[in-house]
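Please look over the sequence and the 3D structure below before reading on. The paragraphs after them go from the whole chain to selected places in it.

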Amino acid sequence: MTDRPDARLTHIFDDMVASLRQFIRERRVTHEEYRRAVGFMCEVAERGEVPLLMDVFLEATVVDNADKAGTEMSVEGPYYLGAAPVLAAPYVLPQRSDEPGEILMLSGTVRSTDGVALGGAGVDVWQSDARGAYSHFNYPEPRYNLRGRLSTDDKGRFEVRTVIPSPYEIPKQGPTGALLNKMGRHAFRPAHIHTRLTAPGFETLTTQLYFAGDPWLDSDVVGAVKHSLVIAPVRHDDPADLRDRGFAQPYYSATYDFALRPMLR
Ligand code: DHB
Ligand code: FE
């Protein structure tokens with residue numbers, strides 16, 4: 001006895017297979033190429049690169065299917081951990097004692113698409129370090145370095161201290177990197193900070209902020225950059241300001257105002 005068929009799944013899978021068969025005919029894919037593709041998929045799975053491969057080639061297109069109201073979305077990517085520490089204000093993302101990079105004070109607001117400030121909204125932040133490495137995936141400890149969860153105050157505002165990340169090169173030792181290399185493509189993403197915003201009654205917004213002037217903005221390997229998500233941090237070096245803040249080096253600040261879409265129903 002079979003379960004009641006899932007109509008959406010059936011439709012999607014039938015269509016996908018029909019598209020792939022059509023492509024195999026048009027490209028006259030050989031049996032040897034087919035075997036290589038199967039081997040490639042096995043290697044991707046063995047090396048734990050299924051999320052990476054899928055996200056590099058397909059996630060940005062899925063994101064673009066969503067409703068366009070509010071802040072534009074961007075890919076979650078394969079390096080979200082969830083369950084990051086819940087931080088207390090004033091917010092500072094967890095950092096190593098010798099964390100490299102320029103200080104960034106990232107602030108902003110979270111509002112509904114009709115402009116109402118959302119107090120108590122969840123702001124989950126994660127990013128690579130100033131050398132382009134993600135905690136847990138590219139260096140084992142501390143697992144939650146440069147990852148944390150904050151919330152907005154009663155006016156929908158937040159401010160968090162972090163460091164400016166650097167461009168990120170997706171791993172090149174594995175099959176996904178080898179494929180890009182064979183296609184003559186570089187493996188860089190522009191520097192970015194990931195955010196995932198939540199508020200009861202609103203659609204969860206997963207997006208990323210990019211940096212003006214980044215050399216990879218126009219050729220992101222993942223194709224996920226949106227110009228509305230580019231920030232331009234301002235440098236601060238006034239000695240009195242630095243002293244007040246207890247910073248031994250100049251810092252940068254940037255602001256971004258997010259708008260969440262109300263849930264239908
Ligand atoms: C991808 C996304 C990222 O944010 C990242 O840092 C690396 C890879 C991706 O979509 O594959
Ligand atoms: Fe990323």
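The accessible surface of the chain is about 15,300 Å², and carbon and sulfur atoms hold 54% of that area. This is a predicted model. The secondary structure consists of five helices and twelve strands. Of the 265 residues in the chain, 41% are buried. Among contacts with a separation of 6 or more, 70% are between residues 24 or more positions apart.

Begin with the metal. Which residues are the protein donors of the iron ion (ligand 2)? They are Tyr134, through its OH atom, and His192 and His194, each through NE2, at 1.9 to 2.1 Å from the ion. Written along the sequence, the spacing of these donor residues is Y-x57-H-x1-H. Both histidine 192 and histidine 194 are buried.

Next comes a place on the surface. Phe13, Met16, Leu20, Phe23 and Ile24 make up a nonpolar patch there, and their accessible area together is about 480 Å². Phenylalanine 23, one of these residues, belongs to helix 1, which covers residues 7–27. Its relative accessibility is 42%, so phenylalanine 23 counts as partly exposed.

Helix 4 (residues 175–182) has buried residues, namely Pro175, Thr176, Gly177 and Leu180. The cover over the buried residues of helix 4 includes helix 2 (31–46) and helix 3 (50–63). After helix 4 comes glycine 184, with a positive phi near 70 degrees.

Two loop residues can be followed in detail. Leucine 146 sits in the loop between strand 3 (122–127) and strand 4 (147–151). Is leucine 146 buried or exposed? Leucine 146 counts as buried because its relative accessibility is 0%. Leaving aside neighbours within four places in sequence, leucine 146 touches residues including Leu93, Pro94, Val125, Trp126, Thr162 and Val163. Glutamine 127 is another contact of leucine 146; these two residues are 19 apart along the chain, and their C-alpha atoms are separated by 6.0 Å.

Aspartate 220 lies in the loop that runs between strand 9 (205–211) and strand 10 (230–231). With 8% relative accessibility, aspartate 220 is under the 20% limit and therefore counts as buried. A polar atom of the aspartate 220 side chain is 2.9 Å from the backbone nitrogen of alanine 224.

Finally, consider the charged side chains. The count of salt bridges is nine. One joins arginine 157 and aspartate 153, with 3.0 Å from N to O. Arginine 157 is partly exposed at 41% relative accessible area, and aspartate 153 is partly exposed at 27%.

Another salt bridge joins aspartate 237 and arginine 235 at 3.2 Å, N to O. Aspartate 237 counts as partly exposed at 46% relative accessibility, and arginine 235 counts as partly exposed at 46%.

Arginine 245 and aspartate 241 also meet in a salt bridge, at 3.2 Å from N to O. About one helical turn separates arginine 245 from aspartate 241, because they are four residues apart in helix 5 (residues 239–245). Salt bridges also link Arg96, Glu99 and Asp129 in a network. Glu99 and Asp129 are among the residues in contact with leucine 146.

Terms used: Residues numbered from 1 in each chain as written. Chains lettered and ligands numbered in written order. Predicted model: local features only at pLDDT ≥ 70, side-chain atom pairs only at ≥ 80, totals over all residues. Heavy atoms only, no water. Donors = N, O, S within 2.8 Å, 3.2 Å for Na, K, Ca; no water. Buried < 20%, exposed > 50% of the residue type's maximum accessible area, 1.4 Å probe, protein only. Patch = residues over 30% accessible without salt bridge, like charges linked within 9 Å, V, L, I, M, F, W, Y side chains within 5 Å. Areas by Shrake-Rupley, 256 points an atom, 1.4 Å probe, with all protein chains shown as cover. Salt bridge = Lys/Arg side-chain N within 4 Å of Asp/Glu carboxyl O. Polar contact = N/O pair within 3.5 Å; in protein donor to acceptor, adjacent residues only side chain to side chain. Contact = heavy atoms within 4.5 Å.
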